[in-house]
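Here's a quick briefing to read alongside the model. Have the sequence and the 3D view open as you go through the points.

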Amino acid sequence: MNTICRKFSGCLAVAVATLLPATLPASASENVVAPSSGDLAAAVSVAAQPDAIGLARSNFRQVDHIEPQRITMGEKGFPVYTLNPDFVRGIAGAPAGVLRSVAVTATADSGQKATLQAMPEGQGKWVAASVFSGNDEETLSARLRPGSVLLNEPQINGWYELRPDGVVLLQASLPQSPVGKLVPLPDYQRTVHGRYADKLPGSDYQRDGGIGFAQTVPPAADTGLPVSIVAGLIAAGIAGLGLVLVTVLRKRRLTPR
């Protein structure tokens, strides 16, 4: 098992829109596809399996430097959505987010928490894919209003409340809009189109490996990193949008499957 333990680690998250089951949308006006109750139960069940608990144990061992005698897996799954390439392209009717994973919180007997990511692997099948330290997904999901979903824009490590009428930034490593401010969906679409539309799969940017990407970033004082490092990390995060999504500047540590 390979383990990545870095303060600012990246994770590879395969875009899974084509593997999702056909279910009712979470919001008819947004067309976001919600996991069924059966899928949520299956994801939570996967998180309770010995191999998933083993992943969590490895994360606690390598990140928190503890050896838990007992790990308790949560009984609730938290759907996590990621930015939809078709929304970035501006395709009519495309939802802003597609389901990426279901997060399940693992708690060590000493109190430390980690988050297991269960991802769809074919119709009705889920697999324990990776474990992050902390429980951001659970805590952020608790802040969502009814009818909203948790949306991740991985290139800036942005977490949003996705509503039928727009997005509200909850937190980000590289905030591009004020935290707590509602940004209407058309405005958000124009924003992400400007950031990423020419960097999608098949673009010259992707074929060139993302070299030379430039984006306005906050001053180093806002991020805790030199601007040159931040820009480089963003560059690494954009190239595979739609096929592989790279989470950058996520102040959590990852144990992949």
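Predicted model: local features only at pLDDT ≥ 70, side-chain atom pairs only at ≥ 80, totals over all residues.

A residue counts as buried when its relative accessible area is under 20%.

**Strand S10 and its side chains**
- S10 covers residues 158-163 and is mostly covered, with six of its six residues buried.
- In a regular strand, side chains alternate between the two faces of the sheet.
- Here, Gly 158, Tyr 160 and Leu 162 point one way, while Trp 159, Glu 161 and Arg 163 point the other way.
- Arg 163 is part of S10, and its side chain makes a polar contact of 3.4 Å with the side chain of Glu 161.

**Who S10 pairs with**
- On one hand there's strand S9 (residues 149-153), which runs antiparallel to S10 and pairs with it over five bridges.
- Glu 161 in S10 is the bridge partner of Leu 150.
- The S9–S10 hairpin has four residues between the strands, and Asn 157 takes a positive phi near 50° there.
- S10 also pairs with strand S11 (residues 166-171), again antiparallel and over five bridges.
- What is the bridge partner of Arg 163 in S11? That would be Gly 166.
- The hairpin from S10 to S11 goes through two residues.

**Aromatic pairs**
- Searching the whole structure turns up two aromatic pairs.
- In the pair of Tyr 160 and Tyr 188, the ring centres are 5.2 Å apart and the planes sit at 55°, so this pair counts as tilted.
- Tyr 160 belongs to S10 and Tyr 188 to helix H5 (residues 185-196), so the pair ties together parts that are 28 residues apart in sequence.

**Helix H1**
- H1 spans residues 37-47, and its buried residues are Asp 39, Ala 43, Val 44, Val 46 and Ala 47.
- Look down the axis of H1 and those buried residues fall within an arc of 155°, so they line one face of the helix.
- What do the buried residues of H1 pack against? Their partners are helix H2 (50-64) and strands S4 (71-73), S6 (97-108), S7 (113-120) and S8 (126-133).

Technical notes
Residues numbered from 1 in each chain as written. Heavy atoms only, no water. Buried < 20%, exposed > 50% of the residue type's maximum accessible area, 1.4 Å probe, protein only. Pairing = 2+ DSSP bridges. Polar contact = N/O pair within 3.5 Å; in protein donor to acceptor, adjacent residues only side chain to side chain. Arc of directions from axis to C-beta. Contact = heavy atoms within 4.5 Å. Phe/Tyr/Trp six-rings, centres within 6.5 Å; stacked < 30°, edge-to-face > 60°.
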